[in-house]
Amino acid sequence: MFREKDEKIWKIARPHLDVRNNDEHTVVAYHLAQRLLELHPEADPEVVLPAILLHDTGWKSVPQDKLMESFGVKKKYPELLIQHEKEGAKIARKELARMGYDAAIIEQVADIIDGHDSTLEAKNINDAVVKDADKLWRFTPHANSIICQWYDVTPLGVIDIIMGNSIMHLLLPESTVMAHAFMEIVRAQEALPHYLPTLVKQ
Ligand SMILES: [Fe+2]
Ligand SMILES: [Fe+2]
């Protein structure tokens, strides 16, 4: 669940997140970030959690007819991927300042959002937690069914795609363990009808 103070950020972020399943993605990434924060007490939740809530707010500024070709396997417009990072950082600066957040926190949050997708190295542990929580979503069964629709591929096809790139870019060892566990759930779900032919797929 969100912390009470993060509910307020969520209310502000949400109207920016109703494209490309970003709203659902953000809720799941937030929960994954909380688990990584438990494992990394040296990371600062006051930076990580606002950064997660606001990191993809910039996608709404991208021309919507080009959005699905601005990231991932069909990426044709890398400049729009950069635009979503810059715009997200701008929104974070503006909204967190309006909410009275400390200037030092705002700078750290904006600095993480700017580059969260296009850079692979982490600047610090907070950045690493945000980067991994963001990417880890792709491995979850939740993301799997969404990505199947995005690219018209099967659940195992999604695993092939993300194993090809995202797994390499996870930064924290715990994230790799989590990613493999999530993929195993997808594989098990796909195997269920083989072992239980009478099972009706929901
Ligand atoms: Fe992003
Ligand atoms: Fe994201």
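Which residues of helix 5 (residues 103–113) are buried? In this predicted model, where local features need pLDDT of at least 70, side-chain atom pairs count only at pLDDT 80 or more and totals for chains, interfaces and linings use all residues, they are Ile106, Gln108, Val109, Ala110, Ile112 and Ile113. A residue is buried if 20 or more other C-beta atoms, placed from the backbone, lie within 10 Å of its own. Residues are numbered from 1 along each chain as its sequence is written, while chains are lettered from A and ligands numbered from 1 in the order in which they are written.

## Overall fold

The secondary structure comes to nine helices and zero strands, where helices (H or I, at least four residues) and strands (E, at least two) are DSSP runs numbered from the N terminus. The C-alpha trace spans about 55 × 40 × 30 Å along its principal axes. The radius of gyration of the chain, 17 Å, agrees with the value near 17 Å that a compact globule of 202 residues would have; this radius is taken over C-alpha atoms, and the globule rule is 2.2 Å times the number of residues to the power 0.38.

Of the 202 residues in the chain, 37% are buried. Among contacts with a separation of 6 or more, 69% join residues 24 or more positions apart, a contact being a pair of residues whose C-beta atoms, placed from the backbone, lie within 7 Å.

Leaving aside neighbours within four places in sequence, Val109 is in contact with Val47, Pro50, Ala51, Leu54, Ala92 and Leu96. The cover over the buried residues of helix 5 includes helix 3, helix 4 (78–98) and helix 6 (125–136). After helix 5 comes Gly115, which has a positive phi, near 110°.

## Helices 8 and 9

The axes of helix 8 (residues 155–164) and helix 9 (residues 173–195) come within 9 Å and cross at roughly 155°; these axes are lines fitted to C-alpha atoms over the stretch in contact, with angles running from 0 to 180 degrees between N-to-C directions. Helix 8 is therefore roughly antiparallel to helix 9, a description that applies to angles over 145 degrees. The contact is made by Pro155, Leu156 and Ile159 of helix 8 with Met183, Val186 and Glu190 of helix 9.

Definitions and conventions
Two residues are in contact if their C-beta atoms, placed from the backbone, lie within 7 Å. A residue is buried if 20 or more other C-beta atoms lie within 10 Å of its own, exposed if 12 or fewer, and partly exposed in between; C-beta atoms are placed from the backbone. Angles under 35 degrees count as roughly parallel, over 145 as roughly antiparallel, 65 to 115 as roughly perpendicular and the rest as oblique.
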